[in-house]
Amino acid sequence: MDKREFTTKLGDQIRKLREQNGLSQSELARRCDKDRQHIELIENGKTTCTSYTLYVISKAIDTDLNNLFDI
């Protein structure tokens, strides 16, 4: 799997888990202290993010960090 495919699949997984938890992008962004546009870029696989950002996202959507990588 190359970087582009990985970031796309990771973004899809984050979106799926966010939606399962009934959160909007805006609410997730607020919980992560990020801009909504940043969350959108992550979910669309248009940017990479730090391991800490992934950790914060996992906590905000109440899931284990490992679940983000269930791609």
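Glu-27 comes out as partly exposed, at 23% relative accessibility; the label covers everything between buried (under 20% relative accessible area) and exposed (over 50%), worked out with a 1.4 Å probe on protein chains only. Its partner is Arg-31, and the two form a salt bridge with the closest N and O atoms 3.0 Å apart. A salt bridge here is a side-chain nitrogen of Lys or Arg within 4 Å of a carboxyl oxygen of Asp or Glu. Arg-31 is partly exposed too, with a relative accessible area of 43%. Both residues sit in helix H2 (residues 25-32), four residues apart, or about one turn of the helix. Helices are DSSP runs of H or I with at least four residues, strands are runs of E with at least two, and the numbering goes from the N terminus.

A word on where the numbers come from: this is a predicted model, in which local features need pLDDT of at least 70 and side-chain atom pairs count only at pLDDT 80 or more, while totals for chains, interfaces and linings use all residues. Residues are numbered from 1 along each chain as its sequence is written, and side-chain values use heavy atoms, with hydrogens and water left out.

How many salt bridges turn up in a search of the whole structure? The search finds eight. One of them joins Lys-9 and Glu-5, at 3.2 Å from N to O. These two are four residues apart in helix H1 (residues 3-20), so about one helical turn separates them. Lys-9 is partly exposed at 31% relative accessibility, and Glu-5 is partly exposed at 36%. Another salt bridge pairs Glu-19 with Arg-18, with 3.9 Å between the closest N and O atoms. Arg-18 is buried, at 7% relative accessibility. Arg-18 and Glu-19 also belong to a network of salt bridges that links them with Asp-12, Arg-15 and Glu-43.

Next comes the packing of helices. Two packed helices are described by the angle between their axes and the distance between the axes. H2 and helix H3 (residues 36-43) pack at about 110°, and their axes lie 8 Å apart; the axes are lines fitted to C-alpha atoms over the stretch in contact, and angles run from 0 to 180 degrees between N-to-C directions. H2 and H3 are therefore roughly perpendicular, a label for 65 to 115 degrees, with under 35 counting as roughly parallel, over 145 as roughly antiparallel and the rest as oblique. On the H2 side the meeting residues are Gln-25, Ser-26, Leu-28 and Ala-29, and on the H3 side they are Arg-36, Ile-39, Glu-40 and Glu-43. Contact means heavy atoms within 4.5 Å.

Leu-28 shows up again in the largest nonpolar core, which has 15 residues; Leu-28 is among those with the most contacts inside it, along with Ile-14, Cys-32, Ile-57, Ile-61 and Leu-68. Such a core is a set of buried Ala, Val, Leu, Ile, Met, Phe, Trp, Tyr and Cys residues joined through side-chain atoms within 4.5 Å. H1, H2, H3 and helix H4 (51-60) each supply at least two residues of this core, and the largest share, four residues, comes from H4. Leaving aside residues up to four places away in sequence, Cys-32 touches Val-56, Ile-57 and Ala-60.

Gln-13 is buried at 8% relative accessibility, whereas Lys-3 is exposed at 61%.
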